[in-house]
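Please look at the charged side chains in the entry below. My notes on their pairing follow as numbered points.

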Amino acid sequence: MNYEETTQAAAFIADATGFDTHDAALVLGSGLGDYAASLPDAVVVPYADIPGFPVPQVVGHGGSLISAPVGDGRILILSGRVHTYEGWEMDEVVFGVRAVIASGAKRVMLTNAAGGVNSSYSPGDLVIIDDHLNLTGRNPLLGANDDRLGPRFPDLSTVYTPRLRAELAKVFTDVGITPYEGTYAWFLGPTYETPAEVQMGRTLGADLVGMSTVPEAIAARHMGAEVAGISLVTNLAAGISPTPLSHDEVTETAARAKETFTAVLDAYLPIFVSGSGV
Ligand code: HPA
């Protein structure tokens, strides 16, 4: 997918939502897709209507783009995402994030369900992503670079903007939860990791393991957008958990954590959208 397809999608989004520009974007991960339904005055655009947009197939994922007023601006919410493990190409995996940035979003919040590697975490905890490990050997920027999207060799010194992390930490504290920060290791999936892989991740500095987010974070930074990330620990990672892992456990924990997740987003999104800080 190239620059032209991205700008075409952005033009369609402007037309379908009735808004030429949006300030920020939010990607909702596994089991978290309901959040957008709670926002008043939202305009919903099914992914299937947007030219070039890949449509998710995983249980627990929606498949629509929502435009909503938040605070003194507007947000685009990607409810549901496509994953590399479903067989999508890298440029398809990052298409949605590129389209919302081309629609004006200067900040992108990525959320996901993840396995907890750090022994401080319990299922249901939210963790602010402070950095990532790309353990897949894949990268959405492989191939010829389109300079209209971003530079050939993007700097990834601060993928997850320190200012946004600090704002999130304050919001976590305000809503009464521990402001955990952690490093997210991207595994390809669709298998959950083996205990040995989780130990490897731990040795390398991972606090969380999951199957998404990293390609979108890379594509967003490539385009110059700022990135924030929140993982919901839906389970302890393999070998740390005393029980086998299941997707049902992931969606059940996500459902239980909905209230906290909603409280964090309700408190933070107006700040995130305005870009003015706390
Ligand atoms: N591993 C990878 N992805 C996940 C996990 C996990 O343990 N939990 C939720 N998504």
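1. R148 and E4 join their side chains in a salt bridge, with N to O at 3.0 Å; the term stands for a side-chain nitrogen of Lys or Arg within 4 Å of a carboxyl oxygen of Asp or Glu. R148 sits in the loop between strand 6 (126-134) and helix 4 (162-175) and E4 in helix 1 (residues 3-17), so the pair ties together parts that are 144 residues apart in sequence. Helices (H or I, at least four residues) and strands (E, at least two) are DSSP runs, numbered from the N terminus.

2. This is a predicted model, in which local features need pLDDT of at least 70 and side-chain atom pairs count only at pLDDT 80 or more, while totals for chains, interfaces and linings use all residues. Residues are numbered from 1 along each chain as its sequence is written, and side-chain values use heavy atoms, leaving out hydrogens and water.

3. R148 is partly exposed at 48% relative accessible area, and E4 is partly exposed at 38%. Here buried means under 20%, exposed over 50%, and partly exposed in between (1.4 Å probe, protein chains only). A network of salt bridges links E4, D146 and R148.

4. Within helix 4, E167 and R163 are four residues apart, about one turn of the helix, and form a salt bridge (3.6 Å, N to O). E167 is buried, at 4%, whereas R163 is partly exposed, at 34%.

5. K170 and D174, also four residues apart in helix 4, form a salt bridge whose closest N and O atoms are 3.2 Å apart. K170 is partly exposed, at 42%; D174 is exposed, at 55%.

6. How many salt bridges does the structure hold? The count is eight.
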